[in-house]
Amino acid sequence: MKKLLLALSLLFAVSVQAAEPAKDYIIRGMPEYKIEGYSKGFEKLEIWSKQGSEDVVKTVYEGNQVYSWYIYRGKSEDQPSSLHQTRYYKEALKKLGGQILWEDGEERKFHASFKRNDKQYYMLFDSGRGGYKVWIIEPTELQVDVEIIDADTILHKLEKEGHIALYINFDTGKSTIKSESNELIDEIVAALKSKSDMKVKLEGHTDNVGTPADNKKLSNDRANAVMSAIVAKGINKSRLSAEGFGLEKPVADNGTEEGRARNRRVEMVRQ
């Protein structure tokens, strides 16, 4: 039987896919500058270091990275120069006890490293007209909670534990199931076809992002969307029911990205 590899991560989570608000990371941004672009997650960053008088070593680090693009929003006549931007971040780096690993000859761009709370960080700073960009990465290995989900697993969980959490991809803020989740729907159908007398309830759940009322409606719509997809593939509707619980039944801490990802789910519950 065909198996589906399902990674329980933010990229494959159910419900509202809310982006984390942009905010300063470790170093406070310059006055009158606002974050225009922002991303946070597991990434790669190439850091340059100078060895000797000419040689430049380029090292790629993988880990938890925060990227911030700052744009000046103050009075045009008071706008700091690129040199001012660079010196500001060099001074911040000095206060962190860090060091410059490489810099250009115009004081517009530099690569650096520093430690904070016994953790090693690497930084890339790039100034420009009207703004500047900062990348800060904490080298670490990717931690992924992976589970094999197929019809046999679904059936085993339902029979032994009475329920199983499924992580199905939907369009953001909608109940439309994305095509990459069709394989998981097929496995659900195969499980139910192999146990023709089993009845199940589909329960929708969200994290705590958004209002309780909106989450309740969205979770209900998504549970019903999964039920409709199962019926469309040959399962009698009399064997199924659906209900949304919104944020009422978390299974993990909503204070972390990983916890919110686990809370965004559709559960199959044996009746």
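**Figure 1. Lys-249 and Lys-133 over aromatic rings.** In this predicted model, Lys-249 is placed over the face of Phe-245, 4.0 Å from the ring centre. Lys-133 lies over the face of Trp-69, at 5.4 Å from the ring centre. A charge is taken to sit over a ring if NZ of Lys or CZ of Arg is within 6 Å of the ring centre and within 35 degrees of the ring normal. Residues are numbered from 1 along each chain as its sequence is written, and side-chain values use heavy atoms, with hydrogens and water left out. As the model is predicted, local features need pLDDT of at least 70 and side-chain atom pairs count only at pLDDT 80 or more, while totals for chains, interfaces and linings use all residues.

**Figure 2. Confidence of the model.** The mean pLDDT (the predictor's confidence in each residue, from 0 to 100) of the protein is 90. A pLDDT of 70 or more is reached by 91% of the residues. Over residues 5–18, pLDDT stays under 50. For these residues 5–18 the model has 50 contacts (heavy atoms within 4.5 Å) beyond four places in sequence. Where pLDDT is low, the predicted coordinates should not be read in detail.

**Figure 3. Aromatic pairs.** Rings of Phe, Tyr and Trp (its six-membered ring) pair if their centres lie within 6.5 Å; planes under 30 degrees apart count as stacked, over 60 as edge-to-face and the rest as tilted. By this rule there are 12 aromatic pairs. Phe-114 and Tyr-121 form a stacked pair, with 5.2 Å from centre to centre and 10 degrees between the planes. Phe-114 and Tyr-121 are both buried, where buried means under 20% relative accessible area, exposed over 50% and partly exposed in between (1.4 Å probe, protein chains only). The ring centres of Phe-125 and Tyr-132 are 5.5 Å apart and the planes stand at 35 degrees, so this pair is tilted. Phe-125 and Tyr-132 are also buried. Ring pairs join Phe-125 and Tyr-132 into a cluster with Tyr-33, Tyr-70, Tyr-72, Tyr-88, Tyr-89 and Phe-110.

Figure 4. Asp-207 lies in the loop between β10 (200–205) and α4 (212–232); helices (H or I, at least four residues) and strands (E, at least two) are DSSP runs, numbered from the N terminus. Asp-207 is buried because its relative accessible area is 0%. The Asp-207 side chain makes a polar contact with the side chain of Arg-264 at 2.6 Å. It also reaches the backbone nitrogen of Val-209 at 2.9 Å. A polar contact is a pair of N or O atoms within 3.5 Å; within protein, one must be able to donate a hydrogen and the other to accept it, and residues adjacent in sequence count only if both atoms are side-chain atoms.

**Figure 5. Loop residues with positive phi.** Most residues other than glycine have a negative phi. Ile-26, although not a glycine, has a positive phi of about 65 degrees and lies in the loop between β1 (4–7) and β2 (33–51). For Glu-107, also not a glycine, phi is positive at about 55 degrees. Glu-107 is found in the loop between β4 (99–103) and β5 (109–116).

**Figure 6. Surroundings of His-163.** His-163 lies in strand β9 (residues 163–166). His-163 counts as partly exposed because its relative accessibility is 34%. Not counting residues up to four places away in sequence, His-163 touches Lys-157, Leu-158, Glu-267, Met-268 and Val-269.
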